[in-house]
Amino acid sequence: MALNRTDVEKIAHLARLQIEESDVQAYADNLSNILDLVDQMQSVDTTDVSPLAHPLDAVQRLRADVVTEENQREALQSAAPAVENGLFLVPKVIE
Amino acid sequence: MEWEAVIGLEIHAQLATNTKIFSGASTAFGAEPNTQACAVDLALPGTLPVFNESALRMAVMFGTAIDAHIGKVSVFDRKNYFYPDLPKGYQTSQLFYPIVGEGHVDIELSDGSTKRIGVTRAHLEEDAGKSLHEDFANMTGIDLNRAGTPLLEIVSEPDMRSAEEAVAYVKKIHSIVTNLGICDGNMAEGSFRCDCNVSVRYKGEEAFGNRTETKNINSFRFIEKAIKGEIERQIDLLEDGGTITQETRLYDADKDETRSMRSKEEANDYRYFPCPDLLPIVIDDDYIGAVRDSLPEMPDARRARFVETYSLSEYDAGVLSNYKSLSDYFETVVEQSGDAKLSANWVMGELSKHLNQNDTDITASPVSAANLGGLLKRIKDNTISGNIAKKVFEIMWADGGTADEVIEAKGLKQVTDTGAIEKMVEEVIAANTAQVEQYKAAPVEKRGKMVGFFMGQVMKVSGGKANPGQVQGLLKQKLDALCD
């Protein structure tokens, strides 16, 4: 399966990645190669194979429902570019 | 041709855990902004989620309560989108292997019939934070306290055909999750939210019409209004030759209408994939069986028991069994008063009226169940009449105290002393000669009704305290004696 330039631009936008115009064709080729590999794997008969959600053969451990995290707002907000009244400030997201 | 609406609902129930779904930060409501958002909730690099065992148990409780298939292996997936109140850039949810599979609930409709509504699935996911757009110039404030709060998203089949059915279904799910204690059900605080998928088609048609999804509805009444309005809008549009655009709409309660949300570019390209940070959740039959055995009595079972044990009507039993807090209150009143019918009337009457007027939850009622039961006991043993009991209730509601204390302090004890009542009856007859003459002149069959006037006078003289039965008996006796 071959990806074209539009596909690559769309994927980059969805991932919020800025890519150079001159690199688009190379990305298209590389990503198409990955999809070709997936196509190759799709041809294997997996009728009796159960789906794999995780490569590790282990199950999720559970956490007791007890508060262990205290308020660390000051420390956690020290790295934020803008805060006010305890809120993180970001560029306005609604026009 | 007749139109038919097709409605499916997605309900988000916030699970009543102490901590977030993947972190040990508190989920308590109303804290200062960002004081309950830890490094995991903020998606700082190097953090990893660890799944909350209570969220799992609560989801399984819901699944067993609606007789659903429980996923013994369920998997978390990432739903990718960018928004500032979602720090990770994806919501951890369950798409392919949800914890709760197909189940069903039965709803009761106003014509007395019941209808079975399918639940497609219910899956675990995390809530996002809150964006505050109003307070800052060109900036949006972000509070991440809610980020990572566990949600159970309950998805129905498109089985509902009217706003009434939809509301009955939402109320049913609301009563189930609150009865299980897995959600506080507070719609105003957003603990229980509903998105409505609505489409219309000609009756008898197989294919569905294009549907719209209306979000942002936070009360039962608004759900009904929003769905009714949306059905009308779609029918009008189609009859005028238009087409329905598949889109997300917002309900505006002030204008009572839905309006289109500007469709976000490529908003639906969520690129789900299994979350590599979380392993599959595996549970066995023993776990599911233990959860099932631990379920409290559910509303349907309680309704049947109320009909059986207390001989209540289906309607009364339905109202009193929906919510555990109301059911518990009612049963305590019955225990104290020893009269189920009287208790049902008072709980659904005076008490509910006062709770509604004052917007008070039954758990915060100024008149406790034991005290209401104590009041009804005094009606039963003729210490006070039903009318005086309403006065006593008012005082108990306003100032607290037990019925006995109020009756004693205000001197409201019913007069049952025959001599005293007889005296009042004679006074009233002597003071109303004109009415007595009318009574005497009236045909015998009309006299019964005319006693009412004298009843009212005697009750007035006694300050409402005379025993009505005794007054009535003595009045008839004395008036009829005058006629001979």
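Predicted model: local features only at pLDDT ≥ 70, side-chain atom pairs only at ≥ 80, totals over all residues.
## Two chains and a few residues worth a look

Asn85(A) is exposed, with a relative accessible area of 61%.

In chain A, Asn85(A) sits in the loop that links strand S2 (83–84) to S3.

Asp67(B) is not glycine either, and its phi is positive, near 60°. Look for Asp67(B) in the loop between helix H1 (53–65) and strand S3 (73–74) of chain B. Asp67(B) is exposed, because its relative accessible area is 52%.

| Residue | Relative accessible area | Class |
|---|---|---|
| Asn85(A) | 61% | exposed |
| Asp67(B) | 52% | exposed |
| Asp195(B) | 8% | buried |
| Val367(B) | 2% | buried |

**Where the chains meet**

How many residues does the contact take from chain A and from chain B? Chain A puts in 38 residues and chain B 53 residues. Between them the two chains bury about 3900 Å², and 61% of that is on carbon and sulfur atoms. On the chain A side, the residues that lose the most area to chain B are Gln60(A), Arg63(A) and Asp65(A), which together make up 20% of what that side buries.

Now for the polar side of things. There are 23 residue pairs in polar contact between chain A and chain B, counting pairs where both residues have pLDDT 80 or more. Four elements of chain A each bring at least two residues to the side that touches chain B: helix H1 (5–14), strand S1 (62–63), helix H3 (73–77) and strand S3 (87–91). S3(A) gives the most, with five residues. By type, the chain A side splits into 20 nonpolar, eight polar and 10 charged residues.

The salt bridge count between chain A and chain B is one. Its partners are Lys10(A) and Asp269(B), whose side chains meet at 3.2 Å, N to O.

Four bridges tie S3(A) to strand S9 (residues 139–143) of chain B, and the two strands run antiparallel. Within that pairing, Leu89(A) has Gly141(B) as its bridge partner.

**Two buried residues in chain B**

Is Val367(B) buried or exposed? It counts as buried, because its relative accessibility is 2%, and the cut-off for buried is under 20%. Val367(B) belongs to the loop between helix H8 (340–357) and helix H9 (369–380) of chain B. Apart from neighbours within four places in sequence, Val367(B) is in contact with Tyr329(B), Leu372(B), Phe393(B), Met396(B) and Trp397(B). Arg57(B) is 310 residues away from Val367(B) along the chain, and their C-alpha atoms are 35 Å apart.

Asp195(B) is part of strand S11 (residues 192–202) of chain B. At 8% relative accessibility, Asp195(B) counts as buried too. The side chain of Asp195(B) makes a polar contact of 3.3 Å with the side chain of Lys215(B). Setting aside residues up to four places away in sequence, Asp195(B) touches a number of others, including Gly8(B), Leu9(B), Glu10(B) and His12(B), as well as Glu213(B), Thr214(B) and Asn216(B).

Notes
Residues numbered from 1 in each chain as written. Chains lettered and ligands numbered in written order. Heavy atoms only, no water. Contact = heavy atoms within 4.5 Å. Buried area = accessible area lost by both parts, 1.4 Å probe. Salt bridge = Lys/Arg side-chain N within 4 Å of Asp/Glu carboxyl O. Polar contact = N/O pair within 3.5 Å; in protein donor to acceptor, adjacent residues only side chain to side chain. Nonpolar A, V, L, I, M, F, W, Y, C, P; charged D, E, K, R; others polar. Pairing = 2+ DSSP bridges. Buried < 20%, exposed > 50% of the residue type's maximum accessible area, 1.4 Å probe, protein only.
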